[in-house]
Amino acid sequence: MRVWHGLDEVGPDYGPSVVTIGNFDGVHRGHQEVLAHARARAEQLGGLPVVALTFNPHPMAVLRPDKAPATISEPEERARLLCDAGADAVLILPFDKETSNWSPQEFIDRVLVGTLHVKAVVVGENFRFGHKAAGHVDTLVEAGAAAGFEVEGLALRGEDQPWSSTYIRELIAAGDVEKVAVALGRPLRVTGTVIEGDKRGRELGYPTANIPAESGSAIPLDGVYAGWLRVLDPAPGTPAYDAAFPAAISVGSNPTFDGIDRRVESYVLDRDDLELYGSRVAVDFVARLRGSQIRFDTIEALLVQMKTDVDQARRLLTGDTPVAPGD
């Protein structure tokens, strides 16, 4: 996987290439269709490399920070997903005030023609670019006719509505992780570094790996979910776990104990021996088990509900039915 973090990292002799452009947040099924078309066109042109061009941060974070959308996938995760979908290389173009002032023609000249030596461009039909989003697919077509590259604008159609990152963020905010998985073609993933919590889960018999619900990231609505936890980068001196662990996942601030900080807390089913503090982990959400977190009047009531949640997660993820004591 080749990833560039600016125009200066692309070699002067790179290309010719087929380029697809977008924010690609989440790399959803619509984005995947665009990559597939770009891959097919690249093969028709003699096996040219496909470059996915994306931006960091999201342009709205620079132009209208108060309107910036929550991030579904971080830049490096996005790059991996883009390559999985068919890109040979990913150019993550830093977006700042200077970049935002480039005219559409300046963007074409600097990036597409001058750096990537483009032969074909494949984008979504609603793609906009350049200062004040003045450029669109027809702008690319006109420029391509003059500079010698072709352009294709694709409709990003889903079963019920067009695929879009905005649609997926709405589903995430509603906690509908099952529909999110349909739109993404995979479960929603939240990543973070495991921090030390209040250790109440361990005292109650359900130790959890806690990661902060970071501001700016798309985190599901408060509630309890079933999913999988995977260690991406173990902390120094800790084991490198290769497995994906089934987990019951709580999202929220733990109202029973007057919690304040919102967290993603994952209890790996039937495991209390994992060394996860300081490790970077991924939490993949499979299904919502119940709604917003509840404030329980007693610890006993909380424990009854936790066992119910864990048993439901186990059945859903592994197909196993817990054996009652004495059976």
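## Strands S3 and S4

Strands S3 and S4 pair in the parallel sense over 6 bridges. Two strands count as paired if DSSP finds at least two bridges between them, and strands (E, at least two residues) and helices (H or I, at least four) are DSSP runs numbered from the N terminus. Leu 53 stands opposite Leu 91 in S4.

The structure is a predicted model, in which local features need pLDDT of at least 70 and side-chain atom pairs count only at pLDDT 80 or more, while totals for chains, interfaces and linings use all residues. Residues are numbered from 1 along each chain as its sequence is written, and side-chain values use heavy atoms, with hydrogens and water left out.

## The sheet

In general, strands of a sheet pair through backbone hydrogen bonds, either parallel or antiparallel. Here, 6 strands form an open sheet with parallel pairing, in the order S1-S4-S3-S2-S5-S6. Strand S1 (2–4) and strand S6 (150–154) each have a single partner strand, so one side of each edge strand lacks a neighbour in the sheet. From one strand to the next, the twist averages 20 degrees; angles run from 0 to 180 degrees between N-to-C directions, and axes are lines fitted to C-alpha atoms, for helices over the stretch in contact.

Strand S5 (residues 118–124) runs parallel to S6 and is joined to S6 by 5 bridges. The bridge partner of Gly 124 in S6 is Leu 154.

## Strand S4 and Pro 94

Strand S4 is largely enclosed by the rest of the structure, because 5 of its 6 residues are buried (under 20% relative accessible area with a 1.4 Å probe, protein chains only; exposed means over 50%, and partly exposed lies in between). Pro 94, found in strand S4, is partly exposed, with a relative accessible area of 38%.

Not counting residues up to four places away in sequence, Pro 94 touches His 5, Gly 6, Asn 56 and Thr 99; contact means heavy atoms within 4.5 Å. Pro 94 and Pro 59 are 35 residues apart in sequence, and their C-alpha atoms are 9.5 Å apart in space.
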